[in-house]
Amino acid sequence: MRRGACPSLPEPMPTGDGLLARLQPLAPLTLDQIAGLARLAAELGNGIVEVTARGKLQLRGLTPGTAPRLPEAVAALGIDVPQGFPVEVGALAGLDPTAHFDPRPLARAISDGAAGLVPRLAPKASVVVDGGGLLRLGGLKADIAVGAGAGGRVRITLAGVPLGEASAQATGDVVLALLESLVARGNAARMPELLAGEGIEPLRRRFGLAAPVPARDEGVDPVGRHALLQGTFALGVGLEFGQVTAATLARLADAAAEAGARHAEPAAGRALLLVGLTPEAAAGLKVEAASLGFIIDPADPRRRVHACAGQPACAAARIDTHALAATLAPLLEGRDLHVSGCPKGCAHPAKAALTIVGLDEGAGLVVEGTPRDVPARLVPATRLREAVQDLLQKDETLMKDLA
Ligand code: SF4
């Protein structure tokens, strides 16, 4: 696997519990396809399926013997994965009556236009196209993020820095030109480097764009019921720590099919959307999903707890993230807690009220930051509970930040 590349179907990534394969289906999955993926997770992997913070599906615990069979097995289920440059869109793209625009045609144009650049682009270079509406992708890190702007225009943001707003037609060309500029800086270049080298104002002048007025970009939690076009509904269910067993996923697929759902969509924020339900069917399926252990309420405190695979599943992990998250979450009383096995922070790209990060020298406690920030305290993992309690009681800064 290339250094820094994301795991994919043909190039799974070695982790502590075997090989991990990631897929981002091009189209919504039928419930038969979801059941088929659950079967493959059990047959070829260790039976754990994940939906990531970015809404991608992952199968864990593959072996060098089983992993090569996965791409063909996924194709046999009729699941298409992007062949060119992958552009991310929201889970309700094309279905959300409150969206400002359908992001799929623009995403497809960028994906096709950038296909030839893939070998020369940094492996993790990312473009997100967010049509606005219910579910937003604004919280995701992206080299280039495209979203709804004012007056039907489209806003372009570079590594979190607003570039400007352009017509939908012009946006595709601007994005492709920016990707070309990244390529010109070498095959490891990311947007922060381009911004540092060229400066935001010269980039605005180059594309004839003005600085946009600041805008809040907030959607709703994917967990819960969402009204769709044509009078149907989607039910979003959350996965605790972004994981589910193959057997439970298969049972959810059965229940969703019985409820009349048409398809399922993995959604950013570790959730699955079951799409095409009547209100009555959504209510029944919600009860069923809760009994299977899925999170059905966006206010469930587990939605505010983020933990990556951790030990022993990830070789880079220095702490058992799931066990620690379960122990520490009640202390945070519903505020954001992020437990990360190492500074990479796979589970949660944004800041959290309290982040616990596994380091070679112990567990770091970061207040209002990310696992990459300098910890306020460093303690042995075995003393973490007492240290968090102590921090919550004594640290005035933390108490102020959490208030
Ligand atoms: S954050 Fe680190 S420990 Fe956790 S899954 Fe990612 S690489 Fe592994």
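Tutor: This is a predicted model. Start with an open sheet of five strands, in the order E3-E14-E15-E12-E11, with antiparallel pairing.

Student: What makes E3 and E11 the edge strands?

Tutor: Strand E3 (29–30) and strand E11 (224–227) each pair on one side only, and that makes them the edge strands.

Student: How do you know that E11 and E12 pair?

Tutor: Two strands pair if DSSP finds at least two bridges between them. E11 and strand E12 (residues 233–238) are joined by four bridges and run antiparallel, so they meet the rule of at least two bridges. Within this pair, Ala227 stands opposite Phe233 in E12.

Student: Which strands does E2 join by bridges?

Tutor: Strand E2 (residues 18–23) has three bridges to strand E1 (residues 13–15), and the two run antiparallel. A hairpin of two residues links E1 to E2, and Met13 stands opposite Leu20 in E2. E2 also has four bridges to strand E5 (residues 57–62), again antiparallel. There, Ala21 has Leu59 in E5 as its bridge partner.

Student: What is Leu70 in contact with, apart from its neighbours within four places in sequence?

Tutor: Its contacts are Leu9, Ala21, Leu40, Leu44, Leu59 and Leu62. Leu70 is also among the residues that touch the most other members of the largest nonpolar core, which has 43 residues. Helix H1 (residues 31–44) gives the most to this core, eight residues. A second, separate core has 33 residues, including Ile156, Leu158, Val174 and Leu195.

Student: Which residues are around the ligand?

Tutor: They are Cys308, Cys314, Ala317, Ser340, Gly341, Cys342, Lys344, Gly345 and Cys346. By class, this shell has five nonpolar residues, three polar and one charged.

Student: Why is Cys342 called buried?

Tutor: Buried means under 20% relative accessible area. Cys342 has 18%, so the word applies.

Key:
Residues are numbered from 1 along each chain as its sequence is written. This is a predicted model: local features need pLDDT of at least 70, side-chain atom pairs count only at pLDDT 80 or more; totals for chains, interfaces and linings use all residues. Side-chain values use heavy atoms; hydrogens and water are left out. A residue is near a molecule or strand if one of its heavy atoms lies within 4 Å of it. Ala, Val, Leu, Ile, Met, Phe, Trp, Tyr, Cys and Pro count as nonpolar, Asp, Glu, Lys and Arg as charged, and the others, Gly among them, as polar. Buried means under 20% relative accessible area, exposed over 50%, partly exposed in between (1.4 Å probe, protein chains only). A nonpolar core is a set of buried Ala, Val, Leu, Ile, Met, Phe, Trp, Tyr and Cys residues joined through side-chain atoms within 4.5 Å. Contact means heavy atoms within 4.5 Å.
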